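Reader: I am new to protein models and would like to learn how to read one. Could you walk me through this one, feature by feature?

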Amino acid sequence: MSAKAISEQTGKEFLYKYICTSAAIQNRFRYANVTPETNFDRLAQEHPWLLTERLVVKPDQLIKRRGKLGLVGVNLDLKGVKEWLKPRLMKETTVGKAKGVLKNFLIEPFVPHKQEEEFYVCIYATREGDYVLFHHEGGVDVGDVDAKAQKLLIKVDEKISEDLVKKDLLTHVPNDKKVILASFIVGLFNLYEDLFFTYLEINPLVVTKDGVYVLDMAAKIDATADYICKAKWGDVEFPPPFGREAYPEEAYIADLDAKSGASLKLTLLNPRGRIWTMVAGGGASVVYSDTICDLGGVNELANYGEYSGAPSEQQTYDYAKTILSLMTREKHSDGKVLIIGGSIANFTNVAATFKGIVRAIRDYQEPLKEHEVTIFVRRGGPNYQEGLRVMGEVGKTTGIPIHVFGTETHMTAIVGMALGHRPIANLPPIAAHTANFLLNSNSSTSTPVSSRTASFSENKGKVESSPAKKPKTGAPVVSKSFPFSVGKATTLFTKHTKSIVWGMQTRAVQGMLDFDYICSRAEPSVAAMVYPFTGDHKQKFYWGHKEILLPVYKNMSDAMKKHPDVDVLINFASLRSAFDSTIETMQYPQIRTIAIIAEGIPEAHTRKLIKTADEKGVTIIGPATVGGIKPGCFKIGNTGGMLDNILASKLYRPGSVAYVSRSGGMSNELNNIISRTTDGVFEGVAIGGDRYPASVFTDHVLRYQDTPGVKMIVVLGEIGGTEEYKICQAIKQGRITKPVVCWCIGTCATMFSSEVQFGHAGACANQASETAVAKNKALKEAGAFVPKSFDELGDIIKSVYDDLVAKGVIQPAEELPPPTVPMDYSWARELGLIRKPASFMTSICDERGQELIYAGMPITEVFKSEIGLGGTLGLLWFQRRLPRYACQFIEMCLMVTADHGPAVSGAHNTIVCARAGKDLISSLTSGLLTIGDRFGGALDAAAKQFSKAFDSGMLPMEFVNKMKKDGKLIMGIGHRVKSINNPDMRVQILKDFVKQHFPSTQLLDYALEVEKITTSKKPNLILNVDGFIGVAFVDLLRTCGGFTRDEADEFVEIGALNGIFVLGRSMGFIGHYLDQKRLKQGLYRHPWDDISYVLPEHMSM
């Protein structure tokens, strides 16, 4: 959501910190917060003025009209404040319908003043700009300020001025106060704009000879502007509405939501309730809540929430386990029900999200059975059949009653089943996978003729549309004359529409091209893509069976110049860049329609987009939308879902019904409902869930009215805003004559005791006329066809459609099969339709899930267990969780092999390369290439030689004699510098550790016996560090208990031990590289006097 209420303390803190005005604002930052944990002695130390001044105390919990409710203590000393708080702090209080506990209070200095010194000021946002309300009589008895106050509209992009304020607002203010008030109001408005407030009310605002006092304040800020205002806001806490507790689980889900590109929402209404929901989609979540309340479940509804935007399996698991944890804490005498519902997804892989839910159900299966939970599931969308199958399977394996339904069942039918109002349907098994929709039903293998391009009812003679029902009186009137859009096109999309897609959204583009192909378009609807983060290039896509290339441009100007036929932009830019990219696009007159997909664009930015679009005659769909679709012509991005849904809902050819909704997910549900009850969709648009969608219901309804192919109109409205009343007005004035079926979702809101912010930012009623109930009543009275509930929407649509068919307005045409489109390989594999041998196999690491896994161990567990680098190496090299001593030994080996000075061949090569100006990787590789049997690579060879001799039963003397007889060196024996008299301390350190910690050292003991024999002949023929590590590692592998003898021998055979030297010595080589660069050493040239120049042998003779 966008507009969120903040506490009075937070609002005043913002005002005191950032307001810029010449008015003298008194009592800045003089407030103290009191909670049940407050220590008053410490509070007085922190705020000494509490001991010297008269005080005011009041709750700071979003309670309106505190003075009228007797919730303000006035003119008290600190002792009096304590006494006043005793009967109130942590006591339950009723405010309106809401019951809540008072637990957060604000203490401020008492300001003595006269009644005539009290004023009222309020600033609030509307679509066209920001209204400033001012009344010269403020205070508790201010009354109906909307009717009494002076109003000043500051339109979008306009500036406020003191002269304007004096002229329009301060007409009844004494002259001696006008200058101060004008300066304060201008400063307040600028603060309101700069800090992205959406509502700011001060009552009373007191002006005395000493200056300005802000006594009571209420405010909301646009939470989506956090990325802009973070530096000034800091970490803002948004308190819950009074009457609803702030639960840690809500904060947990809010944190998940903030860290995710998906949308995750949770509001607890009644934790003891028996009806719990887990609904996909912002619009669908409201519809399910409506239906539960309509069927009498309002007092048992435990939560409101939604998950949408393609959350990952892990995110869905985290969300689901939170719900299941909450619902299995207290038993209910009637058992509990969990409704896992949703509309038909546009792009979310239903099977993937259901896997997360299934994991959570398995984890909580015992508590779910103990609490007698029954689960009802209804979902559609990409791969939904597999998701439903998995959900059904978990019910069978766990014994939890789970009833599963797909798109053949009305979206909210499961609510009636769950609440016992209708029998649980026994449906035939669902299709195995979505591929069933991708094949033509006829036996011909040839591509069919072009699909029908006209509506079922076009060119069938001049039959007048059935008019809307005769309007009744009593519906609210918005204005005297209905506003018409000027300069915007009636037809947004045709079969020849070309678009540019902003963003590297290859999946969405491929979906558009597949839609184009089955609609028998001559050319793709996407001409190019714009992506500023790469250079100009070509991107490969499929057009039916063949591959095509689409250009990708780095900047918009190049794309526009090279594609003058483009008139649509589909903007997938993030919420941070969507505003700038859209403003840039509107500089090009060729663009007539823009769809903005991003959710979370600040409202102030959206209003600027609306203003610019109106000035330039551009239609904007969105923000926060999936887009729209015109069957047979054009689809925006992911609208309509994947091909299976496009075909199932017959979106490849136009029907006679046009619709407009706010919700993207619900638009797909409308596609399904309309395809099942009529001849199909002519056009559908989801205007977006924000408070200020750039185009509104009437913009599109009037287009449909003026489009001959549209014979009836469906509108899915929503709680919040007043746009639906403009439809009422247009019907009454005869501007709309075609039948309109309309339903506003959110009827449940009036039944809740406290305010609930639904999934869409705009789904919140600020006054009675904005409620869904009031709007449905007005629409019905105006003459629209309004069902009793969403459950009956399909029946009403069918009834109106059948009537139009009976009158001859619509004449259904013959169906023509669309062309077939091959399924993408990746999707076919996802559905389990094909298999292919993998090019690679791996058993040590898996990065595909939410968390990186090393040999079966999640990365979080790697750190929690503190296994260190040695343990990590054990997982990745040996696929085992090694004992602690083994991990330590590995780390010691890496430490002792890290470096051996610059003179050895590997370090020498690294240094020469570094001084030749080569990069780190090249220099390191140069050093590593010298590693072999003669330098550093003796670990494996030593391990093999000593193991073979020991395992064959040779005595150490026999082994030494045999190697001498065969003319072979004993690997791991001998050192250039060290000797029996000058031992290598690296070997000594390792030997002490191994002898102390290893369970057995048979091979090491054998090697030490060999060392005694070799050093008796020559003192430097010692067991060197390579040899020691080699034989000790064999002992480790054979005796640590983690490997069989064959496994231990295999690791030696495949060269694992040399890896220890390579990994360790890489540290040293990198050190030498960095050292040479730091010392700025020049190109190395070997000196002549260190080279012996000789003639070839035959010439010297």
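**Rings, cores and domains**

Author: Happy to! A search of the whole structure finds 24 aromatic pairs. Rings of Phe, Tyr and Trp (its six-membered ring) pair if their centres lie within 6.5 Å; planes under 30 degrees apart count as stacked, over 60 as edge-to-face and the rest as tilted. Tyr 531 and Phe 533 make an edge-to-face pair, with 5.2 Å centre to centre and 75° between the planes.

Author: Some ground rules before we go on. This is a predicted model, in which local features need pLDDT of at least 70 and side-chain atom pairs count only at pLDDT 80 or more, while totals for chains, interfaces and linings use all residues. Residues are numbered from 1 along each chain as its sequence is written, and side-chain values use heavy atoms, with hydrogens and water left out.

Reader: Thanks! Is Phe 533 buried or exposed?

Author: Buried means under 20% relative accessible area, exposed over 50%, and partly exposed in between (1.4 Å probe, protein chains only). Phe 533 has a relative accessible area of 63%, so Phe 533 is exposed.

Reader: What kind of pair do Phe 878 and Phe 1033 form?

Author: Theirs is a tilted pair, 5.9 Å centre to centre with 35° between the planes. Phe 878 lies in helix α27 (residues 868–878) and Phe 1033 in helix α35 (residues 1025–1039), so the pair ties together parts that are 155 residues apart in sequence. Helices here are DSSP runs (H or I, at least four residues), and strands are too (E, at least two), numbered from the N terminus. Phe 878 is buried at 1%, and Phe 1033 is buried at 0%. Both belong to one aromatic cluster, whose members include Trp 877, Tyr 885 and Phe 1051.

Reader: Which residues touch the most other members of the largest nonpolar core?

Author: In soluble globular proteins, nonpolar side chains tend to be buried together. A nonpolar core is a set of buried Ala, Val, Leu, Ile, Met, Phe, Trp, Tyr and Cys residues joined through side-chain atoms within 4.5 Å. The largest one has 106 residues, and Met 712, Val 714, Val 715 and Phe 790 touch the most other members. Helix α15 (residues 506–518) gives the most to this core, with 7 residues. Domain 2 (248–421) and domain 3 (499–526 + 599–807) both give residues to this core, so it lies between them. Those domain bounds come from an automatic or database domain assignment.

Reader: How many disulfides are there?

Author: A disulfide is a pair of cysteine sulfur atoms within 2.5 Å. The search of the whole structure finds 0. Take Cys 887: the closest cysteine sulfur, in Cys 1040, is 9.9 Å from its own, too far for a bond. Cys 887 is buried, at 2% relative accessibility.

Reader: Where does Arg 66 lie?

Author: Look in the loop between β3 (55–59) and β4 (73–76). Arg 66 is buried, with a relative accessible area of 10%. Contact means heavy atoms within 4.5 Å. Leaving out residues up to four places away in sequence, Arg 66 touches several residues, among them Glu 8, Asp 60 and Asp 216.

Reader: What sits over the ring of Tyr 317?

Author: A charge sits over a ring if NZ of Lys or CZ of Arg is within 6 Å of the ring centre and within 35 degrees of the ring normal. Over Tyr 317 sits the charged end of Arg 359, 4.0 Å from the ring centre.
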